[in-house]
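Please look over the sequence and the fold shown here before reading on. The report below is written for someone who meets this structure for the first time.

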Amino acid sequence: MAGSWNMKQIQFSQAKPMKSWVFLHVDHQNARPIFNGPDALDSSLQGFRKTLKDMGMAVDGHKGGKRVVLTGRNDAADIENAILDLQQQFNPIFILGIFYAKDTGIYNCVKQVCDVRCGIRNVNVLAEKLRGSNDQYNANVGLKINLKLGGANQSLRTADLGIISEGKTMLVGIDVTHPSPGSASTAPSVAGIVASVDSTLAQWPAEIRVQGARQEMVADLETLLVSRLQHWAKCNKKTLPENIIVYRDGVSEGQYNKVVEEELPLLQAACKKTYPATLTAKGLPRLSIVIVGKRHNTRFYPTTDQDSNRENPIPGTVIDRGISEARDWDFYLQAHSALQGTARPAHYFTVWDEIFYPRHPAKSGGPGAADVLQDLTHKMCYMFGRATKAVSVCPPAYYADLVCTRARCFLSDLFDPLPVDASGRSISGVTDGTADLSRMVDVAIHPNIAETMFYI
């Protein structure tokens, strides 16, 4: 009913071993001590390892670690030097960051160094939470670690995956993030793409590109999709997918047509470039594009007690008539159970389809194309690897959003709001300048981890 489950006494569907790892304990000279010496920290790390082992991971003891005490003067350099020292000394594949407090600056710095400069997988925890050795907290951290190492946290029965279970369909998520009010005048927009690699829907490697400020359509989409198709072929014995389903996040209603006019030709060009003529002659691959909307004011309420889940409709509620578009193909899906307040459903709008209607024509007798897409989208919401519950937006769109969020970490000097004067204007001047596209180097993921879920 609540669309969730607990990791207690449950193991990952595919657990990866955690070998060769170290910790980085980031402390501050004015912070109160959280661990009473190295032994207390070791004890907490042992509790952490035990939780991961209970979830099915083979976890070795940490090779070593480092404590860096920040003074507020050269924090970024101190953190970078500490990570470089750990890499030189132990050559780890994973670093567990232990922070004295929640600090966006420290987090951004660690991610920049690990993801872009060193190519080391990294997950960060709060020292206070680690000290308590809370199994639930440790298990949530374990979800991220297993994904970063290439594992699969949960899986669906083959029968529930429909077209995906055939192993010939690649799912793609695309999103674009824009400079906020107060960002630097040279802040670019950033596009992120993720794509599945097989029918388990567990791993979704990503790519990032910077582009002109406030430009919603993805300029480099052809190159991005080519890279994802090449990676699919690498993971699937050099075969390419027959179907590509794109979930496009972050497009306003007024720009739906622009996706078909500007992005669809780029997707088709990428396919033409990648697929041999024998396949393109057969009309492969088939493309479908579904736009995912989150920013809307539509809400739904149950009319009977049995359809109610804490005053919201039960997870899995679909609304595709009455308030949906009469001449278009769209639906609202509330896949999740809201933790508090009124649940916001996701709005899915299909702007292009070469997959579902041809496979499920209107008079075929079985479930219609709309039912098949709705069912697939709903079931995918249980496949978001970082949660033990159904999420509000399907994973391709959710992961693409996380990729863009990570890109903002790498470019935090441009994206984080700048100081403002008394009139509310940014002190650095206007926010409408020329985007600095040379910053692509700052979002180029290190080759060691480029095809992992570094962003999770």
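Predicted model: local features only at pLDDT ≥ 70, side-chain atom pairs only at ≥ 80, totals over all residues.

Strand β14 pairs with two strands that are described here. Strand β9, residues 286-293, is joined to β14 by 6 bridges in the antiparallel sense, and within this pairing S288 has D353 of β14 as its bridge partner. Strand β13, residues 329-334, also runs antiparallel to β14, with 5 bridges between them, and Y332 stands opposite H347 in β14.

## Residue T350

T350 is one of the residues of strand β14. Is T350 buried or exposed? Its relative accessible area is 9%, and because buried means under 20% relative accessible area, T350 counts as buried.

When the neighbours within four places in sequence are left aside, T350 is in contact with I289, V290, W329 and L373.

## Helices α1 and α5

Two packed helices are described by the angle between their axes and the distance between the axes. For helix α1, residues 38-54, and helix α5, residues 135-148, the axes come within 9 Å and cross at roughly 65°, and the crossing is right-handed.

On the α1 side, G47, F48, T51 and L52 take part in the contact, and they meet D135, N138, A139, V141, G142 and I145 in α5. Sorted by class, this contact between α1 and α5 has 5 nonpolar, 4 polar and 1 charged residues.

## Helices α6 and α7

Helix α6, residues 221-235, and helix α7, residues 256-274, have axes that come within 8 Å and cross at roughly 45°, which means that α6 is oblique to α7. The crossing in which α6 passes α7 is right-handed.

Which residues make the contact between α6 and α7? From α6 they are L221, E222, L225, V226 and L229, while α7 supplies E263, L266, L267, A269, A270, C271, K273 and T274. By class, the contact of α6 with α7 has 9 nonpolar, 1 polar and 3 charged residues.

Definitions and conventions. Residues numbered from 1 in each chain as written. Heavy atoms only, no water. Pairing = 2+ DSSP bridges. Helix = DSSP H or I, 4+ residues; strand = E, 2+ residues; numbered from the N terminus. Axes fitted to C-alpha atoms, helices over the stretch in contact; angles between N-to-C directions. Left-handed = near helix turned anticlockwise from the far one by under 90°. Contact = heavy atoms within 4.5 Å. Nonpolar A, V, L, I, M, F, W, Y, C, P; charged D, E, K, R; others polar. Parallel < 35°, antiparallel > 145°, perpendicular 65-115°, else oblique. Buried < 20%, exposed > 50% of the residue type's maximum accessible area, 1.4 Å probe, protein only.
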